[in-house]
Amino acid sequence: MSPPEKKARTEKYKALYDKDFPPLKNKLIFQVIKGEKIHKVPVWIMRQAGRYLPEYRKGRANNEFFKVCQTPELACEVTLQPIDRYGDLLDASIIFSDIMVVPQAMGLVCEMVPGKGPTFPEPIRKPEDLKRLTDKVNVDDSLGYVFDAITLTRQKLDGRVPLFGFSGGPWTLMAYMIEGSGSKTYSKAKAWLYNHPKDSKVLLQKITDVIIPYLVGQLIQLFESNSGELSPQCFTEFVMPYIIQIVDKVKEKTEALGYNIPVSIFARGSHYAIEELSKTKFDIIQVDWTMDPKKTRETAKAKVLQGNADPSLLYGSKETIYQNVEKMIEGFGVKKYIANLGHGMYPDHDPEHLKYYLEAIRDVSSKKLK
Ligand SMILES: O=C(O)CCc1c2[nH]c(c1CC(=O)O)Cc1[nH]c(c(CC(=O)O)c1CCC(=O)O)Cc1[nH]c(c(CC(=O)O)c1CCC(=O)O)Cc1[nH]c(c(CC(=O)O)c1CCC(=O)O)C2
């Protein structure tokens with residue numbers, strides 16, 4: 001975006017920033033975190049906006065993926081699609097964006113290649129390549145379009161549900177920046193942890209320093225999607241110190257402004273870390289579908305847990321979905337629990353089957369809460 005375009009954007013959204021946000025009508029997630037009485041378990045879904053929705057595919061046909069992310073009107077329109085479609089079956093929205101916007105802000109080119117996903121034509125390969133990263137990222141300048149999209153979406157939501165902001169975690173972003181795309185083994189990125197531990201920490205800190213001022217929203221989720229690739233020792237050394245910095249600083253910053261923003265962590269695949277994570281300031285722990293709800297609840301008794309059905313459950317019939325939701329809610333319990341899937345929606349999911357899942361959560365949990 002050229003400087004005149006940036007200035008025009010800022011002018012265009014100034015009035016929106018100055019206007020009060022509509023009061024929230026659905027506070028279920030906040031009530032769960034405070035331990036207040038609820039009438040049903042709240043639910044939202046990772047990747048609830050996206051390719052499985054025909055309305056998204058129609059709009060996306062004319063617009064490149066990152067153009068949608070970078071154009072607040074388009075990002076807002078797509079974010080609202082599942083909220084408009086499923087109405088009060090959903091209890092939160094999540095801003096339409098991607099974790100790759102942070103590496104882009106740090107000066108790396110990342111393109112969405114059809115059939116391949118996010119791709120970095122010139123990834124970081126050697127420690128000397130760290131010099132190619134922007135020295136001090138001005139987050140307002142480089143990621144202001146996400147802030148504009150969040151502001152516009154909060155106005156357009158009109159308080160129907162709260163809005164999640166999100167970021168990839170430092171290790172997950174480092175892994176993509178080194179691999180240049182998704183990978184089966186993440187061996188190039190993991191080789192860095194063993195061969196260049198000091199440089200790895202320099203990179204992880206640089207990413208952390210961008211994430212902290214970037215994370216805004218009424219709720220926040222940090223995705224350490226690649227953490228399950230790591231040994232428990234590497235998780236303790238290369239993930240924990242950075243995600244703790246993020247949650248502590250985001251809390252400190254927002255509390256100073258008079259807000260209490262719940263922060264959720266998704267350390268996908270890191271079963272061994274649940275107990276350690278339950279001792280941090282994260283308010284919510286997202287759980288993937290390979291973890292048993294009852295055992296996870298026993299490990300993290302006091303924490304709000306979120307999750308966790310296998311996304312493939314949505315290929316099942318209405319009855320199968322209902323029966324699995326019954327078991328999931330039995331395991332987690334109806335208190336300190338936010339329903340979600342164990343990972344995001346798949347492009348070939350039938351939107352009608354997501355509706356069965358959301359209805360089952362409403363029906364099963366509201367009966368138990370009566
Ligand atoms: O619903 C919303 O409003 C936000 C949806 C969202 C998108 N990306 C992410 C989110 C947040 C969420 O999950 O709710 C976050 C995200 N992007 C990537 C990852 C890492 C990963 O998948 O390993 C994450 C964290 C969450 C997670 O673990 O899933 C990286 C990524 N981004 C895209 C792809 C390709 C793909 O086909 O999905 C990948 C994976 C790369 C790899 O490892 O191979 C592109 C992408 N991001 C979003 C969409 C929309 C959608 O899901 O349909 C897409 C597809 C782009 C398209 O239209 O072609 C949105």
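## Exercises on a ligand site and a sheet

In this model, a backbone N or O atom of Ile-94 lies 2.7 Å from an oxygen atom of the ligand, a polar contact (a pair of N or O atoms within 3.5 Å; within protein, one must be able to donate a hydrogen and the other to accept it, and residues adjacent in sequence count only if both atoms are side-chain atoms). The protein covers 87% of the 1000 Å² of accessible area that the ligand has on its own, with areas from the Shrake-Rupley method and a 1.4 Å probe, where for residues only the protein chains shown count as cover.

The model is predicted: local features need pLDDT of at least 70, side-chain atom pairs count only at pLDDT 80 or more, and totals for chains, interfaces and linings use all residues. Residues are numbered from 1 along each chain as its sequence is written, and side-chain values use heavy atoms, with hydrogens and water left out.

**Exercise 1.** Describe the residues that surround the ligand.

*Solution.* 
- Step 1. The ligand is surrounded by 27 residues, each with a heavy atom within 4 Å of it.
- Step 2. Arg-47, Arg-51, Tyr-56, Tyr-176 and His-343 are the closest.
- Step 3. By class, the shell holds 15 nonpolar, seven polar and five charged residues. Ala, Val, Leu, Ile, Met, Phe, Trp, Tyr, Cys and Pro count as nonpolar, Asp, Glu, Lys and Arg as charged, and the others, Gly among them, as polar.

**Exercise 2.** State the strand order and the pairing of the open sheet.

*Solution.* 
- Step 1. Strands (E, at least two residues) and helices (H or I, at least four) are DSSP runs, numbered from the N terminus.
- Step 2. Seven strands follow the order E1-E4-E5-E6-E7-E8-E9, with parallel pairing; two strands pair if DSSP finds at least two bridges between them.
- Step 3. Strand E1 (93–94) and strand E9 (337–341) are the edges, each pairing on one side only.
- Step 4. Strands E6 (263–267) and E7 (284–286) are joined by two bridges, and Ile-265 stands opposite Ile-285 in E7.

**Exercise 3.** Locate the backbone exceptions.

*Solution.* 
- Step 1. Most residues other than glycine have a negative phi, and most peptide bonds are trans.
- Step 2. Arg-47 has a positive phi near 55 degrees, in the loop between helix H2 (28–34) and H3.
- Step 3. Gly-307 and Asn-308 are joined by a cis peptide bond, with omega about -5 degrees; Asn-308 belongs to strand E8 (304–309).
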